[in-house]
Amino acid sequence: MNVDGTPYRTIWLAEDGWAVEIIDQTRLPHEFATQRLETLDDATRAIRDMLVRGAPLIGATAAYGMALAMRSDASDAGFANARQQLFEARPTAVNLRWALDEMELVVGALSEDERAAAVYQRAAEICDEDVAICSSIGDHGLELIRDAWEKKGQQGTVNILTHCNAGWLATVDWGTAIAPIYKAHDAGIPVHVWVDETRPRNQGANLTAWELLQHGIPHTLIVDNAGGHTMQHGMVDMCITGTDRTTRCGDVCNKIGTYLKALAASDNDIPFYVALPGPTIDWTLRDGVAEIPIEERGADEVVRMTGRTDSGEITEITLTADGVHAANFAFDVTPSRLVTGLITERGVCAASEQGLSTLYPDKA
Ligand code: MRU
């Protein structure tokens, strides 16, 4: 995607061919800054402190984190230590574990001398694969938007509500939930996006709105609690969100608040789609509510907020009285019964074991 006319991915190799560069997403939307990662610790911090975030990008960063680790210690113990450190950086997005498993397959029988190059190569492949997967998700989702447009007699605009950021910033490029929206817009279908603010970290306000603005896509930022109202009043034609982990039965775990949007969509007969790449499916799990680990982050993210003052200074403020206790559940699970369909790189399927195993017979 383009930033001020320059094409960017969210992660790439530096010119020296070994360090890794990322967009520091904690600085957006007020500042576009990149960061250089040189060590395993740099990569771990980037994931843990959410300089990079979004399930596919977390996986890609972990892959390069392993490559950086192998440069300094490619022994079995070095590999195991790096794997464990990255694995613990964030618990919910399963792409992290998937990328680490991929690296385990790569190093398999290799000698220590061969490992770093092989891991770098697989990391680059993971990034390229993610771009292709997300583009394909966009193509399949585009057809759903086209159907909605035709259902409206090609009149007005297709209004799509999304939660959190599942755009190109959450992946290597294109995005998952937002990819169909980019493709629809580029195909000349008039789309408008309701962007949930997504408290507490405001990924919708800070990231999704910024990306849509860069691409010239009409959008309106709303507070998280406005979703039900907009749906009740016919202002939403469909919802599309991303997911950090999808069980083999089609339960989806995504940013906190997604479940409430799915409930409101169901109550108003509005299609609720979830877009995901294959590596976001956790084939080992069935019941998302019972089995998916939900990340709990610091209370400071709830009681404090960062913004720009009128004089242009970026500053952090406290919202609450000193001593207020806050909890910060970062994700929730939407049961498959509330999901109209899953948009994958292999097509659209029912959110069910049958639906997923039809598309992924090789994995199921
Ligand atoms: O906590 P975050 O910002 O990493 O959460 C991101 C999301 O919830 C996304 O919707 C999800 O990772 C899908 S991204 C393509």
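Me: Polar contacts are pairs of N or O atoms within 3.5 Å. How far is an oxygen atom of the ligand from an N or O atom in the side chain of Lys255?

Reply: This is a predicted model, where local features need pLDDT of at least 70, side-chain atom pairs need 80 or more, and totals for chains, interfaces and linings use all residues. Residues are numbered from 1 along each chain, and side-chain values use heavy atoms, without hydrogens or water. For Lys255 the distance is 2.7 Å. Asn254 also places a side-chain N or O atom 2.7 Å from a ligand oxygen. At Ala55, a polar backbone atom lies 2.9 Å from an oxygen of the ligand.

Me: How much of the ligand's accessible area (Shrake-Rupley, 1.4 Å probe) does the protein cover?

Reply: The cover is 100% of the 410 Å² that the ligand has on its own.

Me: Which elements (DSSP runs: helices H or I, at least four residues; strands E, at least two) give two or more residues to the ligand shell?

Reply: They are α2 (55-72) and β11 (252-255). The shell counts residues with a heavy atom within 4 Å. Of its 19 residues, Ala55, Arg90, Gln203, Asn254 and Lys255 come nearest.

Me: What is phi of Thr198?

Reply: Phi of Thr198 is positive, near 70 degrees. Thr198 is also in the loop between β7 and α7.

Technical notes:
Polar contact = N/O pair within 3.5 Å; in protein donor to acceptor, adjacent residues only side chain to side chain. Areas by Shrake-Rupley, 256 points an atom, 1.4 Å probe, with all protein chains shown as cover.
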